Amino acid sequence: MHPTARFLAFVILKDIEQNHAYANLSLNKTLSKAILSDEDRRLTTEIVYGTVRMRLHLDTELNAYCDVKKTDAQVLLLLRMSVYQLEYLSNVPDYAVINEAVEMCKRVHPRSSGFVNAVLRAYVRKDKNIRWPDKFKQRNQYISKWYSFPQWMVDQWIKAYGFEETEKLCAYFNEPAPSWIRVNTLRYTPEDLTAVLNIIGIKYNQHHLIKEAFQVESLQPLLRDRAFSDGMFIVQDLSAMLPALVLTPEKESTVLDMCAAPGGKTTQLSAIMQNGGHITACDIHEKRTALIKANIARLNAGNITVLCDDATKLSSDYIRRFDYILLDAPCSGLGVLNRRPDLRWNKHRSDLSDILTLQEKLLDSAAVYAANRSVLVYSTCTLNAAENEEQVEKFLSRHIDFRLAEFEILGEKCDGMHTIYPFQDHSDGFFMAKMVKGE
């Protein structure tokens, strides 16, 4: 017999928990070998991402029915994924969830099958009162446990944005991430893509200000269509399109994209420049530079040279060479938590020190590569002042020949720095700063 959707979900969750595998990679690897219907693939995906995302919430509920800390790790995974289904998947019958959980437990931990059956049936009957922190007196703790985020992350956001905005942020990150694509205007028009979307029958919304940006209901049918292999579009979140638009290099200029993989922003810069001038795209990892090259070839961007190199240690030939520099820096990724449900548990406050040091080195290197009167755009996909505003302010204090420059994005005028809040713009959380060197 072929493994069921739920058993595969359990196998993937075990890989994530025990081997610290990335959720998306483990899911893709397992599903690529599985014989499942499209409906069962969606069920496996939903169980995996939902169970990982809501782990703290689920454990808080389970603690009313058992001692989570003393429960066997495999049994706890079965209970978590089952409670997730019972609470969040209304179209799945309770008996189907419980029966399969018990049968799976007989395979992985036979002595606990009766325990699993008892806990889940008690949960369905709501035999116990679940102890949540007081929503008004213990608001930080409530938000952390109810929305399932690490306490340090919630505390940091509340300090920066307040309770209401933090709650909106957490609620947004627990929803499915929207899918955005960008038309490759080197070869096609937005009207070309609209025609394809209408033929395939995919619902979409074209952005009212950025005409090459489309939010689509489903990606998979598009990725299987010839339009993708022909280079009509690239998958790119709306927020990720903004740094290149803020930079807006002139057609015959020289551009450095310091951390370019997988190449979405690089090829967008090429489109803005209409394949004119020259772009140097850099990334330190060979596998990631291969992704840049693949996107360049598919989208027919002809003005890009790809470097596999450390952007903090480029050749002296690049000193004061570039008119425009884009530094989309490595960051904590706290703006994309709905795309990476495991990221909230894999990131720790202690990780930030190394990230801040790397960002600082990259910014200082950008200052060296920048020609006089050049433009530098610094961006991150995180919501953390230390990596964003504070990082820029420190850079400007070290490099007095740089200053902030005003820009306009999404119809809003900005005084040199701007944060995209995902629940407002229905896109990833993002930060951008625009700076110019010299007069």
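Tutor: Before we start, buried means under 20% relative accessible area. Keep in mind that this is a predicted model.

Student: Okay, how many of the residues of α5 are buried?

Tutor: Helix α5 covers residues 73-88. This helix is mostly covered. Out of its 16 residues, the buried ones number 13.

Student: Which backbone oxygen does the side chain of T71 reach?

Tutor: Leaving out residues up to four places away in sequence, T71 touches C66, L76, L79 and F115. Its side chain also reaches a backbone oxygen at 2.7 Å, and that oxygen belongs to D67.

Student: Which element gives the most to the largest nonpolar core?

Tutor: That core has 47 residues, and L79 and V116 are among those with the most contacts inside it. Elements giving two or more residues to this core include α1 (5-19), α4 and α7 (113-125). The biggest giver, with nine residues, is α5.

Student: Which residues does V116 touch, not counting those up to four places away in sequence?

Tutor: V116 is among the residues with the most contacts inside the largest nonpolar core. With residues up to four places away set aside, V116 touches V75, L79, A101, V102 and C105.

Student: How many residues are in the second core?

Tutor: This core is separate, and L238, V246, I409 and F430 are among its members. Its residue count is 33.

Student: Moving to M241, how far is this residue from G264 in space?

Tutor: M241 lies in helix α14 (residues 238-247). With a relative accessible area of 0%, M241 is buried. Its contacts beyond four places in sequence include W180 and Q268. M241 and G264 are 23 residues apart in sequence, while C-alpha to C-alpha the distance is 8.0 Å.

Student: What kind of aromatic pair do F228 and F233 form?

Tutor: A search of the whole structure turns up 16 aromatic pairs. In this one, the centres are 5.6 Å apart and the planes make an angle of 50°. F228 counts as partly exposed at 24% relative accessibility, while F233 counts as buried at 0%. The pair F228 and F233 is tilted.

Student: And what kind of pair do F395 and F402 form?

Tutor: Here the angle between the planes is 65°, and over 60 degrees counts as edge-to-face. The centres are 5.2 Å apart. F395 is buried with a relative accessible area of 0%, and F402 counts as buried at 4%. The pair F395 and F402 is edge-to-face.

Methods. Residues are numbered from 1 along each chain as its sequence is written. This is a predicted model: local features need pLDDT of at least 70, side-chain atom pairs count only at pLDDT 80 or more; totals for chains, interfaces and linings use all residues. Side-chain values use heavy atoms; hydrogens and water are left out. Helices (H or I, at least four residues) and strands (E, at least two) are DSSP runs, numbered from the N terminus. A polar contact is a pair of N or O atoms within 3.5 Å; within protein, one must be able to donate a hydrogen and the other to accept it, and residues adjacent in sequence count only if both atoms are side-chain atoms. Contact means heavy atoms within 4.5 Å. Rings of Phe, Tyr and Trp (its six-membered ring) pair if their centres lie within 6.5 Å; planes under 30 degrees apart count as stacked, over 60 as edge-to-face and the rest as tilted. Buried means under 20% relative accessible area, exposed over 50%, partly exposed in between (1.4 Å probe, protein chains only). A nonpolar core is a set of buried Ala, Val, Leu, Ile, Met, Phe, Trp, Tyr and Cys residues joined through side-chain atoms within 4.5 Å.
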